[in-house]
Amino acid sequence: MWVLNASCWGLLGLGTFLCVIGGIGIVRFPEFYARTHAASITDTMGAGLILTGLMGQALLPLVEHGWAVLETPTPNPLLLCFKVALLGIFILLTSPTSGHALVKAAYARGVAVNPQAGEHDGSH
Amino acid sequence: MSSSFGMMYEVALAGIIVTMALALSRAVLGPTVFDRILALNMFGTKTVLLIAVAGFWMGRPDFMDLALVYALVNFTGTIAVLRFSRYGNLASDTVRASRGDA
């Protein structure tokens, strides 16, 4: 099934691309809240895309060989797909939660919000 | 299951490892403790992804269970460290209540 394979390729490649962008963002952005933005958004999206691609790969034997593959001693494609989906749902729930908690803790501890804001605000 | 469409998994693994290195450099550089926690959280998520992709790459689907456990531990660790860095201890409500009783 080259269609499924090609879409898995695309999803994995796009997810990896987003992950690398997030990594560059976390190094290059100038202040803490911008870095949080880069890290948490690309974290959620990149992980979701990569895990969706893996789900497609997990279902590949089922698509290629039909339901008969469930009776062979190979690992169950449906169970594997379920585990990857569970992983994706978990990351989708916890990554924004920890990002929120992180920003809340940083704000409560007095990390300055955008130190350069005074130069741009009120000039227009 | 593995390598059915070229270098798919190798590319993903390389990208994830590069991202982990970048997050680690922020964890070393980070001026505040929250930068370090952010980088650590990102590193943990990328580790989960790395384990999952490596499981497919090596054709070992049992790696998925390890990835699940690692995701749970990572989330719990991040929340615990944040709670500590915000309140100064890990059970502020309990401590306050017992202090009020005494």
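Mentor: Helices (H or I, at least four residues) and strands (E, at least two) are DSSP runs, numbered from the N terminus. This is a predicted model: local features need pLDDT of at least 70 and side-chain atom pairs count only at pLDDT 80 or more, while totals for chains, interfaces and linings use all residues. Residues are numbered from 1 along each chain as its sequence is written, and chains are lettered from A and ligands numbered from 1 in the order in which they are written.

Trainee: Which element of chain A has the lowest mean pLDDT?

Mentor: pLDDT is the predictor's confidence in each residue, from 0 to 100. The mean for chain A is 82, and 90% of its residues reach 70 or more. Among the elements of chain A, H1(A) has the highest mean pLDDT, 90, and the lowest, 46, belongs to helix H5 (residues 117–120).

Trainee: How many contacts does the stretch of residues 118–124 of chain A have, beyond near neighbours in sequence?

Mentor: Two residues are in contact if their C-beta atoms, placed from the backbone, lie within 7 Å. Where pLDDT is low, the predicted coordinates should not be read in detail. Over residues 118–124 of chain A the pLDDT is below 50, and beyond near neighbours in sequence the number of contacts in the model is 0.

Trainee: Are H1(A) and H2(A) roughly parallel or roughly antiparallel?

Mentor: Axes are lines fitted to C-alpha atoms, for helices over the stretch in contact, and angles run from 0 to 180 degrees between N-to-C directions. Angles under 35 degrees count as roughly parallel, over 145 as roughly antiparallel, 65 to 115 as roughly perpendicular and the rest as oblique. Helix H1 (residues 2–28) and helix H2 (residues 32–58) of chain A pack at about 160 degrees, with their axes 8 Å apart. H1(A) and H2(A) are therefore roughly antiparallel.

Trainee: Is the crossing of H1(B) and H2(B) left-handed or right-handed?

Mentor: H1(B) and H2(B) pack at an angle of about 165 degrees, with their axes 9 Å apart, which makes H1(B) roughly antiparallel to H2(B). A crossing is left-handed if the near helix is turned anticlockwise from the far one by less than a right angle, and right-handed if clockwise. For H1(A) and H2(A) the crossing is left-handed; for H1(B) and H2(B) it is left-handed.

Trainee: Is B:Ala27 buried or partly exposed?

Mentor: B:Ala27 lies in helix H1 of chain B. Leaving aside neighbours within four places in sequence, B:Ala27 is in contact with B:Arg36, B:Ala39, B:Leu40 and B:Phe43. A residue is buried if 20 or more other C-beta atoms, placed from the backbone, lie within 10 Å of its own, exposed if 12 or fewer, and partly exposed in between. Because 18 other C-beta atoms lie within 10 Å, B:Ala27 is partly exposed.

Trainee: Which residues does B:Val11 touch, not counting those up to four places away in sequence?

Mentor: B:Val11 is also placed in helix H1 of chain B. With 16 C-beta neighbours inside 10 Å, B:Val11 counts as partly exposed. Not counting residues up to four places away in sequence, B:Val11 touches A:Gly13 and A:Thr16.

Trainee: Which helix supplies the largest share of the side of chain B that touches chain A?

Mentor: The contact takes 40 residues from chain B and 43 residues from chain A. On the chain B side, helix H1 (8–29), helix H2 (33–57) and helix H3 (63–87) each supply at least two residues. The largest share, 14 residues, comes from H2(B).

Trainee: How many charged residues does the contact of H4(A) with H2(B) have?

Mentor: H4(A) and H2(B) pack at about 175 degrees, with axes 11 Å apart, and are therefore roughly antiparallel to each other. Residues making the contact include A:Ile91 and A:Ser98 of H4(A) and B:Leu38 and B:Asn41 of H2(B). Ala, Val, Leu, Ile, Met, Phe, Trp, Tyr, Cys and Pro count as nonpolar, Asp, Glu, Lys and Arg as charged, and the others, Gly among them, as polar. By class, the contact of H4(A) with H2(B) has 11 nonpolar residues, 4 polar and, for charged, none.

Trainee: Is A:Ser98 buried or exposed?

Mentor: A:Ser98 is found in helix H4 (residues 77–108) of chain A. Beyond neighbours within four places in sequence, A:Ser98 is in contact with B:Asn41, B:Phe75, B:Thr78 and B:Ile79. Because A:Ser98 has 26 C-beta neighbours inside 10 Å, it counts as buried.
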